[in-house]
Amino acid sequence: MKEIPTVLTSNEIIDKVLRRASSVTVKHTGNRIADKKNLINAKIDCVEANVVQILARYEKTFPEIENLSPFEKELIDILIGCEQLHHALAAIKWCRQTVRKIAEEAKEKLRRGRQDALEQLKKEYYGRVSSVIKQVSVELDFLNKSRDVLVKIPHIDVSLPTVVIAGFPNVGKSTLVKKISSAEPEIAPYPFTTKGLIIGHATLNLVRYQFIDTPGLLDRPLGERNSIEKQTILALKHLADIILFLIDPTGYSGSVEQQEKLLGDLQEEFKEAVFIVAETKADVLKRDAGRFRISAETGEGVDALIEEIKKRFRETRKYREGTGQRSSGSIR
Ligand SMILES: Nc1nc2c(ncn2[C@@H]2O[C@H](COP(=O)(O)OP(=O)(O)OP(=O)(O)O)[C@@H](O)[C@H]2O)c(=O)[nH]1
Ligand SMILES: [Mg+2]
């Protein structure tokens, strides 16, 4: 996602803008009342301009739901909630517009204000602005948490030939993606190490491929999947030209029957996709299941698997539709 600034809390915004206002100065005219009014006017402007600048920046840098691709929209919905994001941004806009209005009103009162009421008028203005900003505290906190999630979403180029690697947890998906692409996923000897989508690239015969490492899936219906697994389903649904399904036959990653059942379910769900199935950890155990057998550890079988990916890519939608001429032109 594009750069999004960290979002300040309501108290941080209030402190920041009042601190700035406290150092505002104006030229003296020789008329004490006029000088006082000018100074307060400048402070009102300063607070208003700073609040507007801070909030408008959030409104501008957070993604607008309407402009997102279906994949991004669903992903953001899973990770933070599209409706909540929309609501929070609307609240920020309301706050910005209300501060504008309060500033206008305060300046109007200031013009007509008597000398002994000026200090009180300034205090009231600061109080009203602070109260309006406090009213969006929850939304600001929500936006800041969302920001931390959004900046971690990798850039995905939907025009590139894309292979999504899926399978049970711990079968060796990340190890393979790291071996064959530029991705740097975390690898660990326990399940659910990968918690989000990780993108890597590799150029094979001048064709730039995108490889997507995904969180492991358990054999269960979509309704029971957690938000981590749902990201994998989204990648399979929206991004995969080829689904590379890995099975670990060693028994370290759940039973082979459960893994086969998951494969069957996915093949049923994603009928349009091209599936390649490979069995991993061939350095530990090889069985004859008539499938690719690879070891990401020793490299055994990996070249043959890559040849298959290149060959099978010709069967994909992207190749047939002729999008991304790079792929169809130079892969043969
Ligand atoms: N012997 C051997 N071990 C492997 C091989 N590939 C992966 N492993 C090991 O299997 C464990 C899991 O590997 P990961 O690549 O993290 O598995 P994953 O499928 O990405 O796991 P999750 O992200 O948890 O779903 C690690 O200890 C790896 O070192 C292999 O080819 N041979
Ligand atoms: Mg992993």
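**The sheet and its surroundings**

Modeller: In this predicted model, an open sheet is built from 6 strands in the order β2-β3-β1-β4-β5-β6, with mixed pairing. Its edges are formed by β2 (198-204) and β6 (292-293), each of which pairs on one side only.

Strand β1 (residues 162-167) and strand β4 (residues 242-247) run parallel and are joined by 5 bridges. Within this pair, A166 has F245 of β4 as its bridge partner. By contrast, the pairing of β2 with β3 is antiparallel and extends over 7 bridges. Here G200 has F211 of β3 as its bridge partner. In a regular strand, side chains alternate between the two faces of the sheet.

Most residues other than glycine have a negative phi. L206 counts as exposed because its relative accessibility is 74%, the cut-off for exposure being over 50%. A further positive phi, of about 75°, is found at N170, which is likewise not a glycine. N170 belongs to the loop between β1 and α7.

Two helices lie across the sheet. Helix α7 (residues 173-180) lies across β1, β2, β3 (207-213) and β4, and runs at about 160° to β3. Helix α10 (residues 302-313) lies across β1, β2, β3, β4, β5 (274-279) and β6, at about 170° to β5.

A further helix, α8 (residues 227-238), also reaches the sheet. The buried residues of α8 pack against β1 and β4, and also against α3 (70-79) and α9 (256-269). Those buried residues are E229, Q231, T232, I233, L234, A235 and L236. The length of α8 can be checked: at 1.5 Å a residue, its 12 residues should span 16 Å, and the end C-alpha atoms are 16 Å apart, so the two values agree. The expected span is 1.5 Å times one less than the number of residues.

The axes of α3 and α4 are 7 Å apart, and the two helices pack at an angle of about 85°. They are therefore roughly perpendicular to each other, a term that covers angles of 65 to 115 degrees. In this contact, K73, I76 and D77 of α3 meet C82, E83 and L85 of α4. The contact residues comprise 3 nonpolar, no polar and 3 charged.

Helix α4 (residues 82-112) also packs with helix α5 (residues 118-134): their axes come within 10 Å and cross at roughly 170°. That angle makes α4 roughly antiparallel to α5, since angles over 145 degrees count as such. From α4, the residues W94, C95, T98, V99, I102, A103, E105, A106, K109 and L110 take part, and they meet L118, L121, E124, Y125, R128, V129, V132 and I133 of α5. Of the residues in this contact, 13 are nonpolar, 1 is polar and 4 are charged.

Two individual residues complete this helical part of the picture. R96 is in helix α4 and counts as buried because its relative accessibility is 17%, where the limit is under 20%. Apart from residues up to four places away in sequence, R96 touches V52, L55, A56 and E59. F62 is located in the loop between α2 (32-61) and α3. With a relative accessible area of 1%, F62 is therefore buried. Beyond its neighbours within four places in sequence, F62 is in contact with I4, V7, L85, L89, L143, S146, R147 and L150. The C-alpha atom of F62 is separated by 9.8 Å from that of H86, and the two residues are 24 residues apart along the chain.

Notes
Residues numbered from 1 in each chain as written. Chains lettered and ligands numbered in written order. Predicted model: local features only at pLDDT ≥ 70, side-chain atom pairs only at ≥ 80, totals over all residues. Heavy atoms only, no water. Pairing = 2+ DSSP bridges. Helix = DSSP H or I, 4+ residues; strand = E, 2+ residues; numbered from the N terminus. Contact = heavy atoms within 4.5 Å. Axes fitted to C-alpha atoms, helices over the stretch in contact; angles between N-to-C directions. Parallel < 35°, antiparallel > 145°, perpendicular 65-115°, else oblique. Nonpolar A, V, L, I, M, F, W, Y, C, P; charged D, E, K, R; others polar. Buried < 20%, exposed > 50% of the residue type's maximum accessible area, 1.4 Å probe, protein only.
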